[in-house]
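I opened this entry to keep track of what I looked up in the model. The notes follow the order in which I worked.

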Amino acid sequence: MKKYVSIFGDSISTLSGWNPKDYNVFYEGENCERSGVKDYSDTWWGQLIEYLEANLLVNDSWSGSRVTKLPNYYRLFPSGISDERINNLKKLHRNPDIIVIQLGVNDWGFGVDLLSQKPNGNERNKFVFRDAYSMMLEKLRSKYPKAQIYCVTLFSTYTPTEPVIHFPKVLYGNSIESYNKVIGEVASEYQCEVIDLHADKISIPTIDGSHPNKDGMTILAKLIARGILSGDCLHLDCQTDHEYVQIGGDPRKRVLMCSQCGKIREEELS
C-alpha cells in the first residue's frame, strides 16, 4: 500500500494550485517562468513523491513562513508552531505516514535569535528558533505519533545568472552551521530523522540566491530521496556509468553529484 506524504515548508516548497487555498505562494506566474518550475514534476517534492512511490497528502507550505512567530502578527499562523499549520498536514480523516519539514531559512535570513538569551525555567519563547523548533516537533509528535518525520537542514546556494550574488556564511551573527546544529539536536530529542543537505558543502542553483531553479529542484529531490530511502535506494542508482557534475566543495576537495541519480562523490584536490 502506498504511503501518504505531507510537506511542511516555506516558499521553496510552494507551487500555484498545490497549496491550501489562500496560502502565500512564490512559484507562480513570472517566478515559474524565471525558474522553469512550472509543474508538479518540476518541484523537489513532486519528484520526491515519485521516488518514494507514494501519494501526496497535503503540501502545507506558505511563502515567507518561519518556524518562529512572525513579528507584528497577532496570531501564530502561519508560523511552523501554529496549530492551524500543523492540523493542515492531514486531510479529512487521513493522517500522513511521512512528514518532510523544510523550514528555517526565513528564521536565519531575518536574524531570529538562535537561543534564548534569558531562559525562564521550562518556558519556551516562540520568537527564539531553538525553542520554536522544539515546540513544533513536540506538537507534530503529539498530533501524528505514527508518522515518520524528516527534518531537512538549511543549504547553501548559488545563482548561475547572477554570479555577483554570494551565499553568506553568517547572517546577523549566526552561521548556517549553527542553525543546522540546532535542527539536528532538537530532531534527535523527538526521534526525528535529519536530512543534512549542508554536510557535504553542496550548493543548490537558484534564481535569486534563495529559490531553486528547475535544476536545483532536481538536486534537492534526489538528495532528500536518498536521505529517506537510505540503503533501500537501488532504483536511484544508474545502471550504467554515472554522469558526475560538480555541485560544491572547498579548497581541499570538490563534491560531485551524478546528474542522473544523485549519487555523491568527493575528490581530493592536490
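**Loop residues, helices and backbone**

I began with Cys261, which sits in the loop between strand S11 (253-258) and strand S12 (264-268). For elements I used DSSP runs, with helices as H or I of at least four residues and strands as E of at least two, numbered from the N terminus. Cys261 is buried, at a relative accessible area of 3%. I took buried as under 20% relative accessible area, exposed as over 50% and partly exposed as in between, with a 1.4 Å probe and protein chains only. From Cys261 to Asp60 I noted 27 Å, C-alpha to C-alpha, for a sequence separation of 201 residues.

I kept in mind that this is a predicted model, in which local features need pLDDT of at least 70 and side-chain atom pairs count only at pLDDT 80 or more, while totals for chains, interfaces and linings use all residues. Residues are numbered from 1 along each chain as its sequence is written, and side-chain values use heavy atoms, with hydrogens and water left out.

Next I checked Arg252, in the loop between strand S10 (244-250) and S11. Arg252 counts as exposed, at 62% relative accessibility. Not counting residues up to four places away in sequence, Arg252 touches Glu267, Glu268 and Leu269; contact means heavy atoms within 4.5 Å. Arg252 and Glu267 are 15 residues apart in sequence, and their C-alpha atoms are 8.7 Å apart.

Thr206 lies in the loop between strand S9 (203-205) and helix H7 (214-229). I found Thr206 buried, with a relative accessible area of 1%. Leaving out residues up to four places away in sequence, the residues that Thr206 touches include Thr157, Tyr158, His211 and Asn213.

I then turned to H7 itself. Its 16 residues should span 22 Å at 1.5 Å a residue, and the end C-alpha atoms are 22 Å apart, which agrees. The expected span is 1.5 Å times one less than the number of residues. Since 12 of the 16 residues of H7 are buried, I put H7 down as largely enclosed by the rest of the structure. Among the buried residues are Lys222 and Arg226.

I ran the span check on helix H5 (residues 129-143) too: 15 residues should span 21 Å, and the end C-alpha atoms are 21 Å apart, which agrees. The buried residues of H5 include Asp131 and Arg141. Cover for the buried residues of H5 comes from elements including strand S1 (4-9), helix H3 (83-87) and helix H6 (176-189).

Which backbone features did I list? Most residues other than glycine have a negative phi, and most peptide bonds are trans. A cis peptide bond joins Phe77 and Pro78, with omega about 10°, and Pro78 is in the loop between strand S2 (55-61) and H3. Asp22, not a glycine, has a positive phi of about 75°. Asp22 is placed in the loop between S1 and helix H1 (30-35) and counts as exposed at 67% relative accessibility. Leu92 has a positive phi near 55°. Leu92 is in the loop between H3 and S3 and is exposed, with a relative accessible area of 75%.

Last, I noted chain totals. The protein chain has 7 helices and 12 strands. Of its 270 residues, 51% count as buried.
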